[in-house]
Amino acid sequence: MKINTAKRLDGIGEYYFSTKLREIDALNQAGKAIINLGIGSPDLPPHPDVIRVLAEEAAKPSTHAYQNYKGAPALREAIRDWYQNWYGVDLDPATEILPLIGSKEGIMHICMTYLNEGDKALIPNPGYPTYSSAVKLAGGIPVPYELKPDLHGEPDLDALAAGDLSAVKLMWVNYPHMPTGQLPSKNFFEKLVAFGKKNGILICHDNPYSFILNDNPVSLLAVPGAKEVVLELNSLSKSQNMAGWRVGMLAGAKERIDEVLRFKSNMDSGMFLPVQLAAAHALRLGKDWYDSVNAIYSRRREKVFRLLDLLGCTYDRNQVGMFVWAPVPDSYQDGFALSDAVLYNANVFITPGGIFGSAGNGFIRISLCCTEEKLQQALDRVQHSLTTVNA
Ligand SMILES: Cc1ncc(COP(=O)(O)O)c(C=O)c1O
């Protein structure tokens, strides 16, 4: 008997990292002790008070039931205050905020809510691979747009507007951008909102990195009138070191939130209340929290810069976020070749930029989610492998 998968899975491969991690596991079992500088999962813990709130709430007999589909009021209010304090954006906690089980699920929910078979969605190239898979799984067609180096990593909106946008319903944007670490200009955010309005395109902004190595967190919803055409995803995964807890959020106009909820409420049955209450506590942490995490990332980034120097890469020292992005030197064919050379010669894994789209082929990405000691070890190994190769 042959069991066939649904057509919607055609062209959807296993997530790159799950395949690569299997190879790394096999190398580890063969005694290689690979240092993994690939994945952006924070290795640092959340604030201790956040863990205390989780434990206290979980110990209560009354916190174990199914939860409200729209999330606990305490979490929605904490999200409202967080958006107000850090981004200067007013949101109504009753109607304009939807807590999510991580922002990744929100990408899928948005695609399922708005895309019909054959509808197009603009996605960044390079960009987070989930945008393209979610668009395809929803029956849509991803249309990559390039991030122009001469426009500081922004797309050329005038060129896009000059093309045929008739089937385009959504545009995915992500600033600070992963993987390039580029920040948006204020002017660009205003142009983006105007572009969405003029062309009837829902602009979906994915904003999980705004607090990492960046002193000036910005929301696309801060542009006047943005709620008419913008939905914004945000996350506690990176800024609060809570990736495994799965807490994110969607913010936007009441109508949009209600539309997405029509889909989402058929997919899951809410989030564990103690997780929501602990997340609310995390969102109320002050500047000290972000400063303390960023001080660590900043020291790590210096080590990564040295590693890139060793590899002969030149790079932008002003990039932000949880990774460093760098073009590969001419001596390698592309990022895949450099990543493999470093994996097999130095037992260090770095991500080839090509997994983020064709425009990333000539680049690599190094994660900051690794201790300074491990990064030093990676540096030593790469240094040693280069001396051996050149000897
Ligand atoms: C650009 C981008 N968006 C979204 C996500 C998903 O984050 P979450 O843990 O909130 O699902 C990631 C995670 O790596 C990411 O890099």
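Colleague: Of the 14 residues around the ligand, which come nearest?

Modeller: Bearing in mind that this is a predicted model, the residues that come nearest to the ligand are Asp206, Tyr209, Ser235, Ser237 and Arg246, out of 14 around it.

Colleague: And the shell, how does it divide into nonpolar, polar and charged?

Modeller: The shell around the ligand is made up of 5 nonpolar, 5 polar and 4 charged residues.

Colleague: Which polar side-chain atom lies 2.7 Å from an oxygen atom of the ligand?

Modeller: One belongs to Arg246, where a polar side-chain atom is 2.7 Å from a ligand oxygen, and for Ser235 an N or O atom of the side chain is likewise 2.7 Å from an oxygen atom of the ligand.

Colleague: How much of the ligand does the protein bury?

Modeller: The protein buries 91% of the 400 Å² that the ligand exposes when taken alone.

Colleague: Changing topic, where does Asn214 lie, and is Asn214 buried or exposed?

Modeller: Asn214 sits in the loop that runs between strand 6 (202-206) and strand 7 (230-235), and it counts as buried because its relative accessible area is 10%, under the 20% cut-off.

Colleague: What is Asn214 in contact with?

Modeller: Leaving aside neighbours within four places in sequence, Asn214 is in contact with Pro176, Leu183 and Val320.

Colleague: Now helix 10, how far does it reach from its first C-alpha to its last?

Modeller: Helix 10, with 24 residues (287-310), reaches 35 Å, which is close to the 34 Å expected at 1.5 Å a residue. Its buried residues include Trp289, Tyr290, Val293, Tyr297, Val304 and Leu308, and the helix is followed by Gly312, which has a positive phi near 80°.

Colleague: Last one, what does Glu23 touch, and where is Glu23 found?

Modeller: Glu23 is found in helix 1 (residues 16-29) and, not counting residues up to four places away in sequence, it touches Leu343 and Tyr344. The side chains of Glu23 and Tyr344 are joined by a polar contact of 2.5 Å, while Glu23 itself is partly exposed, with a relative accessible area of 29%.

Notes: Residues are numbered from 1 along each chain as its sequence is written. This is a predicted model: local features need pLDDT of at least 70, side-chain atom pairs count only at pLDDT 80 or more; totals for chains, interfaces and linings use all residues. Side-chain values use heavy atoms; hydrogens and water are left out. A residue is near a molecule or strand if one of its heavy atoms lies within 4 Å of it. A polar contact is a pair of N or O atoms within 3.5 Å; within protein, one must be able to donate a hydrogen and the other to accept it, and residues adjacent in sequence count only if both atoms are side-chain atoms. Accessible areas come from the Shrake-Rupley method with a 1.4 Å probe; for residues, only the protein chains shown count as cover. Ala, Val, Leu, Ile, Met, Phe, Trp, Tyr, Cys and Pro count as nonpolar, Asp, Glu, Lys and Arg as charged, and the others, Gly among them, as polar. Helices (H or I, at least four residues) and strands (E, at least two) are DSSP runs, numbered from the N terminus. Buried means under 20% relative accessible area, exposed over 50%, partly exposed in between (1.4 Å probe, protein chains only). Contact means heavy atoms within 4.5 Å. The expected span of a helix is 1.5 Å times one less than its number of residues.
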